[in-house]
Amino acid sequence: TFKLLKPLLADYESYLKEHGEIDFDDMIGKAIQYVKAGKFKGNWKYILVDEFQDISEPRARLIQYLRDSAAECSLFCVGDDWQAIYRFAGSDIEYILEFEKYWGPTELSKIETTYRFGRRLAEISGKFVMQNPRQIRKSIRGL
C-alpha cells in the first residue's frame, strides 16, 4: 500500500517545498524546535488539552516542552481511551493509558454517565469495549 502512496507523498512534499509552505506536522515540528531552543518561554500556570486520547508523539513532546518551559506549570487533560480511534494518524493511546509514567503525579477523574444514549446501549457498548484488556476500567451508565 505504501508503494502506491509514495509518489503522492513525494509530490506533496515537493509542492510544499517549491511554494515555501508547511503543513500541520511541520508546524508542530517547528514549534518543538523553538520551545526546545528557548526561543519561546511560556508564562502560564496551566496547559489544558482536550481530546487527549488522540495525542501523537510529536504533540506530546511539544506539550512537555511547553510545560517544562514555564515554572510551576500544571497539565490538565480531558480524554477518553474508549474514543481513541486515530492511531492511523499517529495517535498513541499509551499517553493516556500510562499518563503518570509520561507526565508525573496524576489525579484521575472518571465521568461514567453518558447523556448521548440510554442505559441499554451503554451496557452493550460497555461490554464490547471492555473486551479489550488495555481499556481503562469504567462502568458507563446511560440515562
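# Close-up views of a predicted chain

**Figure 1. Overall layout of the chain.** The secondary structure comes to six helices and four strands. This is a predicted model. Read from the N terminus, the elements run α-α-β-α-β-α-α-β-α-β. The radius of gyration is 19 Å, well over the 15 Å that the globule rule gives for 143 residues, so the chain is more spread out than a compact globule. Along the principal axes, the C-alpha atoms fill a box of roughly 55 × 45 × 25 Å.

Figure 2. Buried residues make up 27% of the 143 in the chain. The accessible surface comes to about 10900 Å². Carbon and sulfur atoms account for 56% of that surface. Take the contacts between residues at least 6 apart in sequence: 75% of them join residues at least 24 apart. The chain carries 22 positive and 22 negative side chains. The centres of these two sets lie 4 Å apart.

Figure 3. Gln53 sits in the loop between β1 (46-49) and α3. Is this residue, Gln53, buried or exposed? Its relative accessible area is 2%, under the 20% cut-off, so Gln53 counts as buried. Two polar contacts of the Gln53 side chain can be followed here. One joins the side chains of Gln53 and Glu51, at 2.6 Å. In the other, a polar atom of the Gln53 side chain lies 2.9 Å from the backbone nitrogen of Asp80. Asp80 is also listed among the residues in contact with Gln53 once neighbours within four places in sequence are left aside. That list also holds Val78, Gly79, Asp81, Gln83, Ala84, Ser91, Ile93 and Ile96.

**Figure 4. Arg67 in helix α3.** Arg67 belongs to helix α3, which covers residues 57-69. With a relative accessibility of 16%, Arg67 counts as buried because the value is under 20%. Its side chain makes a polar contact of 3.4 Å with the side chain of Asp68. Which residues does Arg67 touch, not counting those up to four places away in sequence? They are Ile47, Cys73, Leu75 and Trp103.

**Figure 5. Two loop residues with positive phi.** Most residues other than glycine have a negative phi. Glu51 has a phi near 55 degrees, a positive value. Glu51 lies in the loop between β1 and α3. The relative accessible area of Glu51 is 42%, so this residue is partly exposed. Its side chain is the one that meets Gln53 at 2.6 Å. Glu72 also has a positive phi, of about 55 degrees, although it is not a glycine. Glu72 lies in the loop between α3 and β2. At 72% relative accessible area, Glu72 is exposed, because the value is over 50%.

**Figure 6. Ile85 and its separation from Lys41.** Ile85 has its place in the loop between β2 (74-77) and α4 (94-97). Its relative accessible area is 56%, over the 50% cut-off, so Ile85 counts as exposed. How many residues separate Ile85 and Lys41 in sequence? The count is 44. In space, Ile85 and Lys41 are 32 Å apart, C-alpha to C-alpha.

Definitions and conventions:
Residues are numbered from 1 along each chain as its sequence is written. This is a predicted model: local features need pLDDT of at least 70, side-chain atom pairs count only at pLDDT 80 or more; totals for chains, interfaces and linings use all residues. Side-chain values use heavy atoms; hydrogens and water are left out. The radius of gyration is taken over C-alpha atoms; the globule rule is 2.2 Å times the number of residues to the power 0.38. Buried means under 20% relative accessible area, exposed over 50%, partly exposed in between (1.4 Å probe, protein chains only). Contact means heavy atoms within 4.5 Å. Accessible areas come from the Shrake-Rupley method with a 1.4 Å probe; for residues, only the protein chains shown count as cover. Lys and Arg count as positive and Asp and Glu as negative; His and the chain ends are not counted. The place of a charge is taken as NZ of Lys, CZ of Arg, CG of Asp or CD of Glu. A polar contact is a pair of N or O atoms within 3.5 Å; within protein, one must be able to donate a hydrogen and the other to accept it, and residues adjacent in sequence count only if both atoms are side-chain atoms.
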